[in-house]
Amino acid sequence: MFFTSFHRQAMRQVTGSLCLLGLVVAPVRAGDEAPSALVLTPPTKIVETTTTVSPPALRYDAAGVLHATWVEKKGQTGEVKTAVIASGESTAGSAQSRSVGGGPEAIHQSPGFAIGSDRALYITWSVANRAPGALFASDLTLTKSPDGGTTFQSPVKVNDDGLAISHTFEDVLVGRNGDLYLSWLDGRNKDRSGAGLLFACSRDGGATMDKNLVVDGMACPCCRPMLAQAPDGSLWVAWRKTFEGNVRDIVVARSTDQGRTFSPPILVSQDGWVFDACPHRGPSIAFDGKGRLYVGWYTEGKDEQPRLFVRGGEAGKVGRHGGVGQFRLGAGDHAHPRAAGGGDRREHDDVVEHDRVGA
């Protein structure tokens with residue numbers, strides 16, 4: 001398993017440029033301590049702009065080409081952009097960006113981003129719904145580029161409720177059979193002060209969406225969920241659930257029928273973190289080539305000490321005492337871990353990223 005670390009400064013909203021960091025990673029086996037230091041190359045400025053930009057989302061396609069997407073905002077208007085990052089890019093602002101679509105007002109998070117095995121790009125973002133009296137209302141939209149980012153199709157609305165409520169904090173995943181899966185946080189079907197965790201699937205390459213499915217009614221309302229698919233084809237989603245007494249711990253659920261139904265939430269770790277607001281720190285989930293499940297998350301536990309954990313092992317044993325090994329990446333305010341699993345059968349082929357506040 002590999003670990004990488006992004007400094008918070010490299011990911012924050014900035015005005016004037018979007019930078020890319022190269023990084024050197026070290027392998028770590030489950031149960032080991034994480035490396036004490038990782039090496040970052042100097043930042044490479046890939047886009048220069050006079051607007052404010054969101055954190056970027058980065059993905060490689062099947063040919064090894066790196067793509068980036070982000071939101072630029074000028075005044076009250078936001079615009080989703082994408083660019084191909086050439087290998088060895090070194091000239092400041094030299095990446096040629098393309099406009100994907102308009103509408104997002106918030107730039108606190110990157111757009112949802114996934115690339116299929118056919119190199120088709122899928123990008124999602126929330127478009128503001130300005131219905132009178134609606135607070136933080138938005139609709140979740142999806143667009144597809146069938147040609148690797150050269151052209152984009154007209155956006156499709158993901159949420160099917162037609163309500164002027166929040167539909168945001170999404171994740172998108174292309175399945176091995178080509179189906180497109182999305183999970184997000186939603187203002188409907190929620191219990192008390194939480195958010196609904198919703199799921200939808202497109203089985204025609206993003207042209208239409210199936211009926212939205214409620215996975216949970218008490219998700220933490222600003223902690224972005226994440227999807228992953230196991231080598232056996234099962235689909236998993238991880239999120240931060242709000243329990244009684246404002247305990248906000250990480251859970252997962254599994255689908256064995258391509259997202260038509262999900263299991264009840266399975267607690268990953270009983271941290272007992274009580275927090276009376278949303279910490280904006282979602283979990284991460286990935287599988288290696290042997291089907292081992294890894295979940296990374298931030299918590300302050302019962303002693304209010306910031307820490308980041310990764311738990312890895314057999315997927316079928318998650319939630320069982322002693323079934324999945326857990327190790328700590330370190331102390332400090334690590335904001336957003338992200339895991340990425342390799343598709344081959346190497347012994348250790350996963351990556352977990354985290355950006356650290358105040359480092």
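## Buried rings, paired strands and a lined pocket

At 3% relative accessibility, Phe 199 counts as buried, since the cut-off for that class is under 20% relative accessible area. The structure described here is a predicted model, and every value below is computed from it.

**Aromatic pairs**

The count of aromatic pairs comes to five. In one of them, the ring centres of Tyr 181 and Phe 199 lie 6.0 Å apart with their planes at 25°, so this pair is stacked. Ring pairs join Tyr 181 and Phe 199 with Phe 262 into a cluster.

The rings of Trp 273 and Tyr 298 have centres 5.5 Å apart and planes at 65°, and the pair is therefore edge-to-face. This pair, too, links distant parts of the chain, 25 residues apart: Trp 273 sits in the loop between strand E22 (266-267) and strand E23 (284-287), whereas Tyr 298 is in strand E24 (residues 292-299). Trp 273 counts as buried at 2% relative accessibility, and Tyr 298 is buried with a relative accessible area of 1%.

The two pairs are set out below.

| Ring pair | Centre distance | Plane angle | Class |
|---|---|---|---|
| Tyr 181 and Phe 199 | 6.0 Å | 25° | stacked |
| Trp 273 and Tyr 298 | 5.5 Å | 65° | edge-to-face |

**Strand E20 and its partners**

Strand E20 (residues 235-243) has eight of its nine residues buried, so the rest of the structure largely encloses it. On one side of the pairing, strand E19 (residues 226-229) runs antiparallel to E20 and is joined to it by four bridges, with Leu 227 standing opposite Val 237 in E20. The hairpin of E19 and E20 has five residues between the strands, and in it Gly 233 takes a positive phi near 95°.

E20 is also joined to strand E21 (residues 247-255), again in antiparallel fashion, by nine bridges. Within this pairing Phe 243 stands opposite Val 247 in E21. The hairpin formed by E20 and E21 has three residues between the strands, and Gly 245 in its turn has a positive phi of about 75°.

**The open sheet E11 to E14**

Four strands, in the order E11-E12-E13-E14, make up an open sheet with antiparallel pairing. Strand E11 (112-115) and strand E14 (156-157) are at its edges with a single partner strand each, so one side of each has no neighbour in the sheet. The pairing of strand E13 (residues 138-145) with E14 is antiparallel and rests on two bridges, and Leu 142 stands opposite Val 156 in E14.

Ser 110, in the loop between strand E10 (97-102) and E11, counts as buried at 15% relative accessibility. Leaving aside residues up to four places away in sequence, Ser 110 touches Ser 54, Pro 55, Pro 56, Ala 57 and Arg 224.

Ala 137 is found in the loop between E12 and E13 and is buried as well, with a relative accessible area of 8%. Its C-alpha is 5.3 Å in space from that of Ala 164, although Ala 137 and Ala 164 are 27 residues apart in sequence. Beyond residues up to four places away in sequence, Ala 137 touches Val 127, Ala 128, Asn 129, Ala 164, Ile 165 and Ser 166.

**The second largest pocket**

What volume does the second largest pocket have? The computed value for this pocket is about 770 Å³. Of the 36 residues in its lining, Phe 136, Ser 138, Ser 166, Thr 168 and Phe 169 are the closest to the centre. Ser 166, one of these, is also among the residues that Ala 137 touches.

Strand E12 (121-128), strand E15 (167-174) and strand E16 (180-186) each supply at least two residues of the lining of this pocket, and the largest share, five residues, comes from E12. By class, the lining of the second largest pocket consists of 19 nonpolar, twelve polar and five charged residues.

Methods. Residues numbered from 1 in each chain as written. Predicted model: local features only at pLDDT ≥ 70, side-chain atom pairs only at ≥ 80, totals over all residues. Heavy atoms only, no water. Buried < 20%, exposed > 50% of the residue type's maximum accessible area, 1.4 Å probe, protein only. Pairing = 2+ DSSP bridges. 1 Å grid on protein atoms, 1.4 Å probe; cavity = no way out; pocket = protein on both sides within 12 Å on 5 of 7 lines; lining within 4 Å. Points joined across faces, edges and corners; volume = space filled by probe spheres on them. Nonpolar A, V, L, I, M, F, W, Y, C, P; charged D, E, K, R; others polar. Contact = heavy atoms within 4.5 Å. Phe/Tyr/Trp six-rings, centres within 6.5 Å; stacked < 30°, edge-to-face > 60°.
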